[in-house]
Amino acid sequence: MKKTILATMLTSLFAATTAHSAMMHDADGISVELYGDVEVQAINTTDENEGKKIQLDEANFGVKTAYDITDDVAAIGVISFESITSNDNDNGATLDDAYVGFSSGKYGTLTVGKQVTLFDDAGIGGDYQFGFNDFYEQTTSSEQVIKYTVDKGTYYGGIAYIVNSDDDDGLRAIDGKLGVRFSGVDLTAFYGESDLAGGGETKNLNLEARYTIDKLTLATAYATTDMDGGNDIQSFGLAATYQVNTNVQLAVGYANIDEDNAEDENQYYANASYAFSSNVNTYFEIGGTDADNTELGYVAGMAISF
């Protein structure tokens, strides 16, 4: 595989991992990249009893590598770590991703190891902190994930299977997604099933639609959760983002959560962001809910990635 083909495939493959990376080595069919980000926030949460604080929202780094096997197939590996620092002075880092696999521009990507599943991609909001909650009850990460994905531009999809939960208690999960893109429209369907620790299972369906015209993107989502021995949930959301110019973006969102044996909950957010570059972003967001014991939340943050 030529370096240009390998680089293109890696960019697509690791797009969900990070938007940026620093190439450490790219020669003789071997590519090694370092990536990471740090994000700090000044926040007043929606919990009326919590108050204001400075918090570390993101702090992680990782290495991704690809080894050219044929003109279309590469062996790949990723290892990353994330901070577990909190306001309770618990400091350190924990393993975030660790997986290996094969990637082909023609046939897709197969990975095995510690990673997120397909349902982790679900969501339409352009929020930073006060996004939609309770849209699904699906297990979305484990050390024992087998995942296959493919993206052909006009259509994409994949499937992921959790062999066991992290403590080997026999709990399994499976999920997948299918999507199509055409004329500024992006339609995605997610479906998943997860074993519950107390017995039974939960079944989740999430349908999303996006439409982009010029600088405006509109999105809507409908989700259902059918839970054995628990309350079923139906959710509906709307979101919009507007790219004012190269640096400034505005976003708003609203969601309604209808859970059995509970009052409906309405959630909302609005934000504005300013990007100094593709690696440096600042933002301010407000958000809230009509649930009990909550108040208007607001956050100002800055994120730097490489």
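Which residue forms a salt bridge with Lys-53, and how far apart are the closest N and O atoms? The partner is Glu-50, with the closest N and O atoms 2.5 Å apart.

1. Basis of the note. This is a predicted model, in which local features need pLDDT of at least 70, side-chain atom pairs count only at pLDDT 80 or more, and totals for chains, interfaces and linings use all residues. Residues are numbered from 1 along each chain as its sequence is written, and side-chain values use heavy atoms, with hydrogens and water left out.

2. Salt bridges overall. The structure holds 6 salt bridges. The term stands for a side-chain nitrogen of Lys or Arg within 4 Å of a carboxyl oxygen of Asp or Glu. Side chains of opposite charge can pair when their charged atoms come close.

3. Lys-53 and Glu-50. Both residues of this pair are partly exposed: Lys-53 has a relative accessible area of 26%, and Glu-50 is at 38%. Here buried means under 20% relative accessible area, exposed means over 50%, and partly exposed lies in between (1.4 Å probe, protein chains only).

4. Glu-201 and Lys-203. These two residues form a salt bridge whose closest N and O atoms are 3.8 Å apart. Glu-201 is partly exposed at 21% relative accessible area, and Lys-203 is also partly exposed, at 34%.

5. Arg-210 and Glu-208. In this salt bridge the closest N and O atoms are 3.2 Å apart. Arg-210 is partly exposed, with a relative accessible area of 23%, whereas Glu-208 is buried, at 4%.

6. Strands 6 and 7. Strand 6 (residues 108–116) pairs with strand 7 (residues 141–151) in the antiparallel sense, over 7 bridges. Strands are DSSP runs (E, at least two residues), numbered from the N terminus, and two of them pair if DSSP finds at least two bridges between them. Val-116 stands opposite Ser-141 of strand 7.

7. Strands 7 and 8. Strand 7 also runs antiparallel to strand 8 (residues 155–162), and 7 bridges join these two strands.

Key
Helices (H or I, at least four residues) and strands (E, at least two) are DSSP runs, numbered from the N terminus.
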